[in-house]
Amino acid sequence: MTHPLGNTPTKIVAVHLNYPSRAKERVRVPAQPSYFLKPPSSLAGTQDAIERPTGCDLLGFEGEIALVIGSRARHVTPDDGWSHVRWVTAANDAGVYDLRYADRGSNLRSKGADGFTPLGPRLLDARQLDPAALRLRTWVNGELVQEDTTDTLLFPFGQLVADLSRLMTLEPGDVVLTGTPAGASVVRPGDVVEVEVSGDGLSTGRLRNPIAHGPALEPYGAMPRADPAEREAAHGSAYEPEPVLDVRLADGLRSVAVATLSAQLRSRGLPHMSIDGVRPVGPDGGTMVGVAHTLRYLPLREDLFKKYGSGMNAQKRAIEEVRPGHVLVMDARRDPTAGTIGDILALRARRRGAAGVVTDGALRDSAAIAGLGLPVYAAGSHPSVLGRRHVPWDTGVPIACGGALVQPGDLVVGDADGVIVVPPDLADELIADCREQERQERFITEQVAAGASVDGLYPLGPAWRDAYENWRKGETQ
């Protein structure tokens, strides 16, 4: 395999996420760039075939802009980073998602195979280019599937070079793959992928690589496998995110009252599962059922707020990480004297498919939030922004909300009485027992309405058991 670099680089560094459009597909926005290495032996050129190993189904393409370092970079600044880039070219960061599980994060086997980093066909002189005015396009079988520009990048090229140079020396000839935009997906043998980078009237031309069958892997190590999550990740925007909560379970929890769930949890030795001090926003107090996605605020420290509270902070990342069926649960330390979410972020959460929002702090723009059609529970309203009291610190961690410990993945149920946390492994039996409890309470209510004493009736005692069983048979017929 040939490539346009001439000498083989000492390393190829690839960025995980850098385009907002791709971050939206991945349902997460990184606060800082993260990287993985690809071996120099993965380099290839235009017209070289990318081979999908027999047994793998999920060969992904990712059109990218590749930077080729021209002068040694060590401890350079973001303002100086671009000056160390000599060439710009097109790249395809190919990989098989069927092996991603085997080296999670490092991508060694999934993206390091021979031929999985084609570059070319032409190198563009970086000195003639504006790094914020480049266009990247990718075609599959002649159809345009990716198009984006570098003025949208989360992390500009100069920042990438500077960041990497803090800890490692970038040598002349080293390659930095700068991330892929939305639209990356799966290709199969017989398909053709083309990538082009252009800007300032210059073009790399189309990097063209056919997809071919490759040999099967010998069984000396991890073998191909892919679960639904990997398939979703591989296909990218071609797949809609699956709801995080099974519809059957959601319907079951929605069919019972929070008060009944609270009683059943207490009978199991779990009396502290309610999120205290929060009330539904809006007049209807509708029901809410979902899976906890957590956000933690810490007390304000002015010297840390700029670092943790500005830009794409934990609060905004938490919103962009929401998947259909998530309930965003926020730990604001029961401090209702500053807003923890406003109408714009609440609207974004609803557009991302959130099942609800819970905060033991305050809301801003509470009237607007009440009109969104999104179940929201809060400890109060306040006109101040969160920077008055809170620093958004981290997401996806166990938190305390309204006195309850909430873990990511817990089930969260709300109605007019309040909000309760349900351990996922108890959900099915809780639903069955709650339905039986509510059935008994309907019977008791009928008897009380007819004039019966509650003595021996509420809770249901032995004297009323036969009458209840006969009533139950009639209700189920």
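Is Gly179 buried or exposed? Gly179 is buried, with a relative accessible area of 0%; buried means under 20%, exposed over 50%, and partly exposed in between, with a 1.4 Å probe and protein chains only.

This is a predicted model, in which local features need pLDDT of at least 70 and side-chain atom pairs count only at pLDDT 80 or more, while totals for chains, interfaces and linings use all residues. Residues are numbered from 1 along each chain as its sequence is written, and side-chain values use heavy atoms, with hydrogens and water left out.

**Around Gly179**

Gly179 lies in the loop between strand S12 (175-177) and S13. Helices (H or I, at least four residues) and strands (E, at least two) are DSSP runs, numbered from the N terminus. Leaving aside neighbours within four places in sequence, Gly179 is in contact (heavy atoms within 4.5 Å) with Val15, Asn18, Tyr19, Gly63, Glu64 and Ile65. Arg301 is 122 residues away from Gly179 in sequence, and the C-alpha atoms of the two are 34 Å apart in space.

**Sheets and strand pairs**

S12 belongs to an open sheet of seven strands, in the order S2-S1-S12-S6-S7-S9-S3, with mixed pairing. Two strands pair if DSSP finds at least two bridges between them. At the edges are strand S2 (35-38) and strand S3 (43-44), each of which pairs on one side only. S3 pairs with strand S9 (residues 117-125) in the parallel sense over two bridges, and Leu43 has Thr117 in S9 as its bridge partner.

S13 belongs to an open sheet of three strands with the order S8-S5-S13 and antiparallel pairing. Strand S8 (95-96) and strand S13 (186-187) are at the edges with a single partner strand each, so one side of each has no neighbour in the sheet. Strand S5 (residues 59-60) is joined to S13 by two bridges, and Leu59 has Val187 as its bridge partner there.

Strand S10 (residues 135-140) has antiparallel bridges to two strands. Six bridges join S10 to strand S11 (residues 143-149), with Asp148 in S11 as the bridge partner of Leu136. The hairpin of S10 and S11 has two residues between the strands, and Asn141 takes a positive phi near 55° in this hairpin. S10 also pairs with strand S14 (residues 192-199) in the antiparallel sense over six bridges; here Val140 stands opposite Val193.

Two packed helices are described by the angle between their axes and the distance between the axes. Axes are lines fitted to C-alpha atoms, for helices over the stretch in contact, and angles run from 0 to 180 degrees between N-to-C directions.

| Helix pair | Angle | Axis distance |
|---|---|---|
| H7 (residues 258-267) and H12 (residues 427-449) | about 115° | 9 Å |
| H6 (residues 247-254) and H12 | roughly 35° | within 9 Å |

H7 and H12 are therefore roughly perpendicular to each other, a term for angles of 65 to 115 degrees; under 35 counts as roughly parallel, over 145 as roughly antiparallel, and the rest as oblique. The contact involves Thr260, Leu261, Ala263, Gln264 and Leu265 of H7, and Leu430, Asp433, Cys434, Gln437 and Glu438 of H12.

In the other pair, Arg248, Leu249, Gly252 and Leu253 of H6 meet Ala427, Asp428, Ile431 and Arg435 of H12.
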